[in-house]
Amino acid sequence: MDMKIILIAALVLISACTIVEEQEPFCGDSTLGFCNEDQDCSRAGCSLQVCQSNFQDPISTTCEWKECYNHLEYNLECGCVNNQCQWN
């Protein structure tokens, strides 16, 4: 009888568990180009995965999409931090 209770309790605990998937890290790039303010920075590249200075020549990248490029999923914006364009 005691073994049945333990088995039922274990099944209840296991069924209450959920698997938490770890999110892949953000994989966009930053050029760390010069800026004075956020407006000096913009997203570039085919998938808009690069944060670069508007004072730099446009960046060319391959055209592919990865979920880890989605800056909104990571709550990131391309902006000016310590006079460098970067995701923050």
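How many helices and strands does the chain have? The chain has 1 helix and 5 strands, where helices (H or I, at least four residues) and strands (E, at least two) are DSSP runs numbered from the N terminus. Along the sequence the pattern reads α-β-β-β-β-β. This is a predicted model, in which local features need pLDDT of at least 70 and side-chain atom pairs count only at pLDDT 80 or more, while totals for chains, interfaces and linings use all residues. Residues are numbered from 1 along each chain as its sequence is written, and side-chain values use heavy atoms, with hydrogens and water left out.

An open sheet of 3 strands has the order 1-3-2 with mixed pairing; two strands pair if DSSP finds at least two bridges between them. Strand 1 (29-30) and strand 2 (41-44) are the edge strands, each pairing on one side only.

Strand 3 (residues 50-53) pairs with strand 1 in the parallel sense over 2 bridges, and Cys-51 in strand 3 stands opposite Ser-30. Strand 2 and strand 3 run antiparallel and are joined by 4 bridges; here Ala-44 has Val-50 as its bridge partner. These two strands form a hairpin with 5 residues between them, and Gly-45 in the turn has a positive phi of about 90°.

Strand 3 is covered on both faces: Val-50 and Gln-52 on one side, and Cys-51 and Ser-53 on the other, are all buried (under 20% relative accessible area, 1.4 Å probe, protein chains only). Of the 88 residues of the chain, 27% count as buried.

Among contacts (heavy atoms within 4.5 Å) between residues at least 6 apart in sequence, 50% join residues at least 24 apart.

Note on methods:
Buried means under 20% relative accessible area, exposed over 50%, partly exposed in between (1.4 Å probe, protein chains only).
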